[in-house]
Amino acid sequence: MSQYVGAIDQGTTSSRFIVFDRAGQIVSCKQREHAQVYPRPGHVEHDPMEIWRNTQAVMQDALQSAGLTPKDLVSIGITNQRETTLIWDRRTGVPLHNALVWQDTRNDRLVTEFARDGGRDRFRALTGLPLASYFSGLKLRWLLDHVDGAREKAEAGDVLFGNIDTWLVWNLTGGPDGGLHVTDVTNASRTQLMSLETLAWDNGMLATFGIPRAMLPEIVSSSQVYGETRVPFAGVAIAGILGDQQAALFGQTCFQPGEAKNTYGTGCFALMNTGEAPVPSTCGLVTTLGYKVDGKPAVYALEGSIAITGALVQWLRDNLHMIQDSAEVERLATTVEDNGGVYIVPAFSGLYAPHWNEGARGLIIGLTRYANRGHVARACLEATAFQTHEVLEAMEKDSGIPVRELRADGGMVANLTLMQFQADILDVPVVRPKVTETTALGAAYAAGLATGYWKSTDDLVRNWGVDRRWEPNMDAAQRQRITAAWGRAVKRSFDWDMQDD
């Protein structure tokens with residue numbers, strides 16, 4: 001009898017396969033990093049074939065290391081880096097170009113072009129999203145415009161489009177030999193091509209962006225049986241797909257309106273469950289799908305996406321060589337009592353929520369002779385907390401629901417200094433669950449629900465437990481002073497890339 005559920009967690013920097021038991025505990029985990037390709041400033045790419053090879057390898061390695069076989073898996077769920085866009089040949093399975101990563105901004109001129117008529121919010125009521133380089137639709141348009149022969153082949157039905165979830169499912173189920181071409185509602189909602197109301201591709205958006213319908217995947221629920229694996233092993237049901245941040249919302253069991261989570265990774269992504277009706281944003285957030293369990297109404301969410309958080313620590317390590325290992329940043333930050341008046345705005349590729357300023361660029365401000373490496377390290381960590389505060393403040397304004405606690409997950413939750421500062425700035429408790437791999441766990445939960453491994457979301461709620469809780473401990477006047485200084489720093493970063501145009 002099958003005893004476990006597996007999850008493919010295909011992220012921005014690596015691919016993992018994690019096996020979970022019925023209590024939501026990790027049985028086995030294997031991970032492989034893939035190359036980050038930077039052809040020129042603002043361009044960020046991944047090799048889709050490398051991602052597919054790594055995915056197969058970690059699936060096999062995770063089972064082997066635990067002494068398991070595919071027959072021990074009842075089902076597999078998939079969670080993926082969202083908005084990362086690729087196109088490939090239907091007959092050969094060969095990508096026509098490297099994948100354009102969600103951070104890539106080469107389509108910024110298209111954003112400007114479409115915003116001339118109606119502004120950046122012209123499609124927000126329909127899709128929940130502002131015009132921005134972030135989302136898949138205009139990345140796809142760029143590929144069709146710039147890859148030789150891509151548009152002609154796409155219109156003939158010979159080229160397929162997908163975010164990474166679609167690419168993996170297609171390959172897992174046979175690729176050119178009958179592979180399934182699907183995406184779930186959460187990933188589809190990140191393309192700016194799907195109607196939030198109908199959960200279907202919108203003909204008007206396709207016409208406006210010039211996207212051939214023939215290349216688009218079928219939109220499916222987040223939790224249902226789609227098919228079975230054929231590669232790298234056969235016969236396991238693929239039964240869950242969730243974009244990574246929606247997967248974390250699901251893994252954190254935020255099933256009630258008003259419950260919110262923040263994932264601290266390469267970027268930060270805060271989501272609040274808003275129930276079965278989409279909540280329009282007037283404060284710079286996006287309205288997105290939270291999840292859809294097959295046969296039940298879709299659940300919506302408000303989201304604030306922050307491009308650079310953990311990546312800022314990597315920048316200190318790789319570009320400035322201030323630290324040898326990312327974990328060292330906390331030790332360095334604790335050599336000083338505060339940031340010494342230093343603020344870092346990591347707008348390396350513009351600012352996402354709630355500002356949506358494509359021309360913003362990073363800055364370090366407030367430097368004096370007093371400032372040292374410790375202050376810069378502390379400012380690096382605090383930048384994550386300040387950006388999260390901006391997003392949650394916008395959520396409260398849009399939804400009318402106060403955030404009473406923040407459920408935190410992702411790699412940076414191991415940083416105790418950051419978590420305490422986050423609670424202080426938000427003035428609400430921050431909670432870390434016992435299982436912090438909530439992105440993969442959410443994908444596993446979706447797959448397990450679809451195949452009866454878990455009977456209902458009540459089973460999942462019972463699995464969730466608190467590992468650590470940080471209570472706010474900052475004077476209100478100090479909180480107001482430093483958040484105001486952060487706000488001034490952010491404004492100085494606006495439109496920097498456009499000043500010489």
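Colleague: How many helices and strands are there in the protein?

Modeller: The protein has 16 helices and 21 strands. These are DSSP runs numbered from the N terminus, with helices (H or I) of at least four residues and strands (E) of at least two. The model is predicted: local features need pLDDT of at least 70 and side-chain atom pairs count only at pLDDT 80 or more, while totals for chains, interfaces and linings use all residues. Residues are numbered from 1 along each chain as its sequence is written, and side-chain values use heavy atoms, with hydrogens and water left out.

Colleague: What percentage of the residues count as buried?

Modeller: Of the 501 residues, 63% count as buried. Buried means under 20% relative accessible area, exposed means over 50%, and partly exposed lies in between (1.4 Å probe, protein chains only).

Colleague: And what share of the contacts is between residues 24 or more positions apart?

Modeller: Such pairs account for 72% of the contacts with a separation of 6 or more. Contact means heavy atoms within 4.5 Å.

Colleague: Which residues of H9 are buried?

Modeller: They are Asp244, Gln245, Gln246, Ala247, Ala248, Leu249, Phe250 and Gly251. Eight of the eight residues of helix H9 (residues 244–251) are buried, so this helix is largely enclosed by the rest of the structure. Threonine 253 follows H9 and has a positive phi, near 55°.

Colleague: Turning to the largest nonpolar core, which residues touch the most other members?

Modeller: Of its 72 residues, these are Tyr134, Tyr264, Val345, Trp356, Val391, Leu392 and Met419. Helix H12 (residues 373–399) gives the most to this core, with 12 residues. A nonpolar core here is a set of buried Ala, Val, Leu, Ile, Met, Phe, Trp, Tyr and Cys residues joined through side-chain atoms within 4.5 Å.

Colleague: What is methionine 419 in contact with, leaving aside neighbours within four places in sequence?

Modeller: Methionine 419 is in contact with Tyr264, Ala408, Met412, Val413, Val430 and Trp470. There is also a second, separate core of 35 residues, which includes Ile87, Leu143, Ala150 and Leu193.

Colleague: New topic: where is tryptophan 356, and is it buried or exposed?

Modeller: Tryptophan 356 lies in the loop between E17 and E18. At 10% relative accessibility, this tryptophan counts as buried. Its phi is positive, about 50°, although it is not a glycine. Proline 354 lies in that loop too, between strand E17 (343–345) and strand E18 (363–365). A cis peptide bond joins alanine 353 and proline 354, with omega about -5°.

Colleague: Which residues does the cis bond with omega about 0° join?

Modeller: That bond joins valine 231 and proline 232. Proline 232 has its place in the loop between strand E11 (223–228) and strand E12 (237–243).

Colleague: What about histidine 321: buried or exposed?

Modeller: Histidine 321 counts as exposed, at 59% relative accessibility. Its phi is near 55°, a positive value in a residue other than glycine. This histidine is found in the loop between helix H10 (310–318) and helix H11 (328–333).
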